[in-house]
Amino acid sequence: MMSKEVFVSGNTAVATGVSLVEPGVIAAYPITPQSPAVEKISEFIADGEMKSEYIEVESEYSAMSACIGAEAVGARAFTATSSQGLALMHEMLHFASGQRLPIVMAVANRTLAPPWGILNDERDTIAQRDTGWLQFYVESAQEALDTIVQAYRLSEQEDILTPTMVCYDGYIISHAYEKVVVPDKDEVQSFIPEYEPDEILNVEDPKTLGYAPSGYNTEYRVKQQLGTETAKGAIGDITEDYADQFGRDYVGMVEEYGPENPDVTLVTLGSVTGTVRDVVDKLNDQGREVGLVKLRTLRPFPYEQLADILKGTGAVGVLEKDISFGYEGAVFSEVRSALQGTNNVPSMNFIAGLGGRDITMENIENVYEKLFTMAETGESEGRIEFVGYRFSDGKGII
Amino acid sequence: MKTKEKPEKLSDLTKTPSGKAGSFKLTDVSGWKTFKPVLDEDKCINCLQCWVYCPHGVIERTSDDQAISIDLQECKGCGICADVCPTDAIEMNKIRGVDDE
Ligand code: SF4
Ligand code: SF4
């Protein structure tokens, strides 16, 4: 079999990526907008295209628990969820990462209620930032498929042993159809080494999992931190190997787009990156030197690279689909902390796309205009702007 | 809390927080209880209710003449055994000091 091109939704691309890896156990509970992904997986299994065991569970909490059980006996596991379902998993997310079980989970990003909504923003996964999982934010259905394959190799690396979330924007990616290249299954299998964990439950050599001799909690946390730090280098290596073998290069944790040394730079993540690319092309064609930085991972956080990329630019904006109430967008805080000590570049947070609000090219052009003004004056035009705020009472800028 | 193993560097620890089955026993928990069960063998009718109900499985069946013995090292002092005993053969006594465990 060779690679082939198909025209599919993001959810089908995710399911296809999983079918190429063929984990031992899938345990998932349906939730909009993830449902078609897990329906497709169960279809693949029913049709004999995938030999995984599909465990039907009664909640997302159980889905994650079943994945933990599966990995605890040495099987590869996969699950997928969204929004409220991810929130329900919260407790078990810590069990997965703390026990160092390299589960891979796809999350179709969806807003958290209330106000009730099924459309996209990234508040659901950003709220799980501190659960000890690695987090990728992808830009397309193709990247979702490819990142799932990469995630297994990354998570299972012996000196990493950390679960990974592959976050793909609900509807914008999950339900939109794209041309997707499906790599050859044997080639994917050769890209991911055999999974042979040794600290697993085994009747021949009974073990207690989840337990550490008391007094060594800190030391196990140090191991966890070292594992996630190791992931930084590994992501670079794995994306490079993937590019060599499959021809698609996702660069690593961050990707720069646009001219070298742009006058102003916008940092963003997820599907909106595609729209920003078009704006960057348009403005650069008009002779305006604007740059884009795509943040592909939020954990591990590539602060060294960001500091290096952003230190020479005139103003930095961070466009994100979340907010940490009482402060600012979580990604903005992190980007600013990465900039600490490099220079005094003015920066501003642009909160956009909440609850599925469209982010138009015009919105992004306005963001770049603001960054140009900031670069000229050396001062921010406010700290946080809610992009597309509908009222004219001036409260959309804080 | 005492542990019986003494790792000295990160690589001495297991890769993941795990240990041999029964590794909870490595931690000395005998000091966790405020009350300890005291068995009056004369009152005991060997019905094994306490053995069934003890949530920590620390009541052991012994011989036919004397059905049970309690492992005070692992007992958490919850008092369930005393509560379920039909003949009040188990009394919960307050522990007065470290030596009284
Ligand atoms: S006090 Fe509780 S833990 Fe101790 S032997 Fe009785 S039932 Fe078991
Ligand atoms: S419940 Fe009471 S009578 Fe029955 S075995 Fe236990 S101590 Fe003896």
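This is a predicted model: local features need pLDDT of at least 70, side-chain atom pairs count only at pLDDT 80 or more; totals for chains, interfaces and linings use all residues.
Start with the packing. Nonpolar side chains in soluble globular proteins tend to be buried together. Here the largest nonpolar core has 47 residues. Six residues have the most contacts inside this core: A:Val14, A:Ile41, A:Phe78, A:Ile148, A:Leu154 and A:Tyr168. Helix H6 of chain A, residues 141–156, gives the most to the core. Its share is 8 residues. Another core lies apart from the largest one. This other core holds 43 residues, including A:Tyr137, A:Val254, A:Val267 and A:Leu339.

Now turn to ligand 2. The ligand sits in the largest cavity. Around ligand 2 are 13 residues. The closest come from chain B: B:Cys44, B:Cys47, B:Leu48, B:Cys50 and B:Cys85.

Finally, look at chain B as a whole. The chain contains 5 strands and 2 helices. Read from the N terminus, the order of elements is β-β-α-β-β-α-β. Chain B has 101 residues, and 33% of them are buried. That means under 20% relative accessible area. Contacts in chain B can also be sorted by sequence separation. Take those with a separation of 6 or more: 62% of them join residues 24 or more positions apart.

Technical notes. Residues are numbered from 1 along each chain as its sequence is written. Chains are lettered from A and ligands numbered from 1 in the order in which they are written. Side-chain values use heavy atoms; hydrogens and water are left out. A nonpolar core is a set of buried Ala, Val, Leu, Ile, Met, Phe, Trp, Tyr and Cys residues joined through side-chain atoms within 4.5 Å. Buried means under 20% relative accessible area, exposed over 50%, partly exposed in between (1.4 Å probe, protein chains only). Helices (H or I, at least four residues) and strands (E, at least two) are DSSP runs, numbered from the N terminus. A residue is near a molecule or strand if one of its heavy atoms lies within 4 Å of it. On a 1 Å grid over the protein atoms alone, a cavity is a set of points where a 1.4 Å probe fits but cannot get out, and a pocket is an open set with protein on both sides within 12 Å along at least five of seven lines; lining residues have an atom within 4 Å of a point. A molecule sits in a cavity or pocket if more than half of its atoms lie within 2 Å of its grid points. Contact means heavy atoms within 4.5 Å.
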